[in-house]
Amino acid sequence: MELPVYYGRTKVGCLHLTPQGDQRIKAEMSAERDDSGLFRGYLVCREGEVSLGVLEPRDGSLLLRRMLLKGELQALGEPVEGQMRLSFSFAAEAPWRPVERSEAFFARPPFQGRLQGMEGLLWRRERGLRCLAIPYRADRPFPMTDLFCFARIQPLEGRPYVVLAFNEREEPVMVKSPGKNRGKS
């Protein structure tokens, strides 16, 4: 069986699942080479997922091979796709970039279409998350009020922005403010 492999919403490779006798399945994932960090591969099924391990750079690609027990996959349901997720970034902080099409920033509910008509939005990848910066003005309603508890106000380009972070499933994630160290005041 051959399944597509996605990094976020972009197809980057394929995952081959090959039966190996009665009890085992060989999983082989191949993805486009990306030297920006360490990536983990996942097999996503209808009822859950299983981590396949760290992809290794080899011959211009990222590869991994793992043997799985058929029994451990049965409870997860039918295999749907492979996913590649950033575990650790090698790069310094990525620069903020303008959001080209605000209405397309989110691909799934409940946030799909919520940014329509908003201007001045910025985004970047940060520690494996997709961060969104929305211009903030104290004399206007707080943008995306339902995400208030996940937001941080941060100056960017000399102006205050509401910064939110989302994982690969477009779920909001709490992140600490830049420049703050734990345990220090």
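This report describes the sheet, the nonpolar cores and the cysteines of one structure.

The structure is a predicted model, in which local features need pLDDT of at least 70 and side-chain atom pairs count only at pLDDT 80 or more, while totals for chains, interfaces and linings use all residues. Residues are numbered from 1 along each chain as its sequence is written, and side-chain values use heavy atoms, with hydrogens and water left out.

**The sheet**

**The nonpolar cores**

A nonpolar core is a set of buried Ala, Val, Leu, Ile, Met, Phe, Trp, Tyr and Cys residues joined through side-chain atoms within 4.5 Å, where buried means under 20% relative accessible area (1.4 Å probe, protein chains only). The largest core has 23 residues, of which Leu-15, Leu-43, Leu-52 and Met-84 touch the most other members. Its largest share, four residues, comes from strand 3. A second, separate core of 15 residues includes Phe-111, Leu-115, Met-144 and Leu-147.

Leu-17 lies in strand 2 and counts as buried, at 8% relative accessibility. Contact means heavy atoms within 4.5 Å, and, leaving aside neighbours within four places in sequence, Leu-17 is in contact with several residues, among them Met-1, Ile-25 and Leu-43. The C-alpha atoms of Leu-17 and Arg-130, which are 113 residues apart along the chain, are separated by 30 Å.

**The cysteines**

A disulfide is a covalent bond between the sulfur atoms of two cysteines; here the term is applied to a pair of cysteine sulfur atoms within 2.5 Å. A search of the whole structure finds zero disulfides, and the table gives two of the distances.

| Cysteine | Cysteine with the nearest sulfur | Sulfur distance |
|---|---|---|
| Cys-14 | Cys-45 | 17 Å |
| Cys-131 | Cys-149 | 16 Å |

For Cys-131, the distance to the sulfur of Cys-149 is too far for a bond, and Cys-131 is buried, with a relative accessible area of 0%.

Notes. Buried < 20%, exposed > 50% of the residue type's maximum accessible area, 1.4 Å probe, protein only. Helix = DSSP H or I, 4+ residues; strand = E, 2+ residues; numbered from the N terminus.
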